[in-house]
Amino acid sequence: MTSDFDSVSGTAMRTGELLILWSGTARIFIFLVAAAGFLAWLFRVRTNAVSLSLTGHRRSRSWLIAGWVMPIGWFWIPKQIVDDIWRASTPPGSAKGLINAWWAVWLTAWVTAKATWGLLYLFSTDLERIAFALRLEVVGIGLMLIAAVLAIGVIRKITSAQETLRSTPPANSAPSEPPPVSGAPEPTAAP
């Protein structure tokens, strides 16, 4: 279409427009469902992390949502929250490469999406630039899928770390009474 506008039939153009409309609608729906699930998980593990943390958290609970929607802050606030949860849930010095990889890919995908939308809005009549923006959007979707897979890894690691902490008794807990020794006489109460 960029080289010869008349080479594409009207039916093919309408089909392409419908495909873009429905795939975009499906993508937004899937994103919103995934975001709601991620935020629900984040609230739960943050609540657990508050009771596990010895040093506290850098952000209050309200930032669990505000951090994702506050302009400019969305570049680092959600990562700080996840880092604090990780720090509270794992032994000191635990590697957080997976969290860093997830965040780097997520930010790259997010910036790519914003650039795509900007290009489509600014150059809505230039077919070559629209084609470039749509190719960039495919790259952004691929990056978003990679970020989603990495996020699943982050969810599994943090959840597993918190479940391990929950099922392990504290190191300083001592039994209130020593276990009975078989064949030993019962202790008597002092008068």
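Contact here means heavy atoms within 4.5 Å. Helices (H or I, at least four residues) and strands (E, at least two) are DSSP runs, numbered from the N terminus. The model is predicted: local features need pLDDT of at least 70, side-chain atom pairs count only at pLDDT 80 or more, and totals for chains, interfaces and linings use all residues. Residues are numbered from 1 along each chain as its sequence is written, and side-chain values use heavy atoms, with hydrogens and water left out.

Start with the overall layout. The protein chain has 5 helices and 0 strands. Its pattern along the sequence reads α-α-α-α-α. Of its 191 residues, 25% count as buried. Buried means under 20% relative accessible area, exposed means over 50%, and partly exposed is in between (1.4 Å probe, protein chains only). Take the contacts between residues at least 6 apart in sequence: 62% of them join residues at least 24 apart.

Now the helix packing. Two packed helices are described by the angle between their axes and the distance between the axes. Axes are lines fitted to C-alpha atoms, for helices over the stretch in contact, and angles run from 0 to 180 degrees between N-to-C directions. Angles under 35 degrees count as roughly parallel, over 145 as roughly antiparallel, 65 to 115 as roughly perpendicular and the rest as oblique. A crossing is left-handed if the near helix is turned anticlockwise from the far one by less than a right angle, and right-handed if clockwise.

Begin with helix α1 (residues 10–52) and α3. Their axes come within 9 Å and cross at roughly 50°. The two helices are therefore oblique to each other. Their crossing is left-handed. On the α1 side, the contact uses Leu42, Val45, Arg46, Ala49 and Leu52. On the α3 side, Val82, Ile85, Ala88 and Ser89 meet them. By class, this contact has 7 nonpolar, 1 polar and 1 charged residues. The classes are simple: Ala, Val, Leu, Ile, Met, Phe, Trp, Tyr, Cys and Pro count as nonpolar, Asp, Glu, Lys and Arg as charged, and the others, Gly among them, as polar.

Helix α3 (residues 77–89) also packs on helix α4 (residues 97–122). Here the axes come within 11 Å and cross at roughly 165°. That makes α3 roughly antiparallel to α4. The crossing of this pair is right-handed. From α3, the contact takes Pro78, Lys79, Val82, Asp83 and Trp86. From α4 come Ile99, Asn100, Trp102 and Trp103. The residues divide into 6 nonpolar, 1 polar and 2 charged.

Next, follow α4 to helix α5 (residues 127–167). The two pack at an angle of about 155°, with their axes 8 Å apart. That makes α4 roughly antiparallel to α5. α4 passes α5 in a left-handed crossing. This contact has 23 nonpolar, 5 polar and 2 charged residues.

Is Ile81 buried or exposed? Ile81 is buried, with a relative accessible area of 3%. Beyond its neighbours within four places in sequence, Ile81 is in contact with Arg59, Trp63 and Leu64. The C-alpha atoms of Ile81 and His57 are separated by 7.6 Å, and the two residues are 24 apart along the chain.

The loops come next. Ile72 is found in the loop between α2 and α3. Ile72 has a positive phi of about 70° although it is not a glycine. Ile72 is exposed, with a relative accessible area of 54%. Pro91 sits in the loop between α3 and α4. Pro91 is exposed too, at 59%. Pro91 and Leu165 are 74 residues apart in sequence, yet 9.9 Å apart in space, C-alpha to C-alpha.

Last, the aromatic rings. A pair of aromatic rings is described by the distance of the centres and the angle of the planes. Rings of Phe, Tyr and Trp (its six-membered ring) pair if their centres lie within 6.5 Å; planes under 30 degrees apart count as stacked, over 60 as edge-to-face and the rest as tilted. By this rule the count comes to 10 aromatic pairs. Phe75 and Trp110 have ring centres 5.5 Å apart and planes at 90°, so the pair is edge-to-face. This pair links distant parts of the chain, 35 residues apart: Phe75 lies in the loop between α2 (63–69) and α3, and Trp110 in helix α4. Phe75 counts as partly exposed, at 31% relative accessibility. Ring pairs also link Phe31, Phe38, Trp41, Trp68, Trp102, Trp103 and Trp106 into a cluster.
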